[in-house]
Amino acid sequence: TMKNKSGEWLFITQKGDTLLPYTFSKATVFSEGYAWVIKDKDMPGAINTKGDMLISLRDVEEVRVFHESLAAFSINKRKEKLWGFLDKNGNERIKPQYRKVNNFRLGLAAVQEKEEGKWGFINLNGEVVIPFNYLEAFNFGDNGKTIVKEENRYLTIDRKGNIIQKHHYDEIIPDGSLLRVRNDKSWGWCNSNGEIIIPTQYDEIRPFGKSAMAPVKINGKWAYINQKGEICIKRQFADAYPFINGNAVVKAGTVWGVIDEKGVYIVNPQYDNVSNDYLQQSLGEGCSLSSLHI
């Protein structure tokens, strides 16, 4: 999704062509065939790639795109924001009861209970399968492992909650089969065994995700490196985000465009903004639509 000069959001293809013949006041990216939109000041709804409205929502404060056929949504209950999950018919599958939730991954989702603010994991039926023992928790990777924080240390656990490894880094964020790690103020990557593979030397980094390259910030500008730490696309961008399906959004000066994996523009820098939801999706954090302030 890109914003045009009049401030409306539109869907474009990877080649920059307009996908649908109309625009929206708010919109997410497509995920599992659905995108959440608000047209004019109507209530949020889910459309398919033809623009057909498949779900309409009422009394929902925020809704995320679908992951494993469930979409996280929030309501405001007595001035408290609570999260649950709904299915592709728009029906509530897991009632809003959590302070925060992550999207489902491999049948599990990290959720934060509202009383003490601890994190645990639930399955697709809403059953707690790993107790609320953690200060922080991330979703599981393809290797069936994830990172959780317990007091002042990070742990790798499996899908049964067993501790696989203890870590000594100041901060850890999963990145596919790798881990982004911070020592003091510098970032790098280690493997799943905790061994550094790209030294902690960057001011800021963003994930590889499913790509062979990741954005890194060096002295105020962004470049792209491979998993050997070699620069593949030279340091030149005011901002840069991870690749999705072979393309990445980058900022040249004050405007945004899209590059391919060779660093060649396939959509020239011309847009004032890129949907925050798309940026969040590229970071692997999922994207959402808020029904507030429309």
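Residues are numbered from 1 along each chain as its sequence is written, and side-chain values use heavy atoms, with hydrogens and water left out. Because the model is predicted, local features need pLDDT of at least 70 and side-chain atom pairs count only at pLDDT 80 or more, whereas totals for chains, interfaces and linings use all residues.

Of its 294 residues, 48% count as buried, a class defined by under 20% relative accessible area, with exposed meaning over 50% and partly exposed lying in between (1.4 Å probe, protein chains only). Among contacts (heavy atoms within 4.5 Å) with a separation of 6 or more, residues 24 or more positions apart account for 32%.

Four strands form an open antiparallel sheet in the order β26-β27-β28-β29, two strands being paired if DSSP finds at least two bridges between them. Strands β26 (239–240) and β29 (265–271) stand at the edges, each with a single partner strand, so one side of each is left without a neighbour in the sheet. Strand β28 (residues 255–260) is joined to β29 by three bridges, and Trp256 has Tyr271 in β29 as its bridge partner.

The structure holds zero disulfides, the criterion being a pair of cysteine sulfur atoms within 2.5 Å. Cys190 is buried at a relative accessible area of 0%, while Cys232 is partly exposed at 40%.

Nine aromatic pairs are counted under the rule that rings of Phe, Tyr and Trp (its six-membered ring) pair if their centres lie within 6.5 Å, with planes under 30 degrees apart classed as stacked, over 60 as edge-to-face and the rest as tilted. The ring centres of Phe121 and Phe140 are 5.1 Å apart with their planes at 55°, so this pair is tilted; it links strand β12 (residues 119–123), which holds Phe121, with the loop between β14 (136–137) and β15 (145–150), which holds Phe140, 19 residues apart. Phe121 is buried at 0% relative accessibility, as is Phe140 at 2%. Tyr224 and Phe237 form an edge-to-face pair, 6.2 Å centre to centre with 75° between the planes.

Ring pairs also link Tyr34, Trp36 and Phe66 into a cluster. The charged end of Lys88 sits over the ring of Phe66, 5.8 Å from its centre, under a criterion that requires NZ of Lys or CZ of Arg within 6 Å of the ring centre and within 35 degrees of the ring normal.

Technical notes. Helix = DSSP H or I, 4+ residues; strand = E, 2+ residues; numbered from the N terminus.
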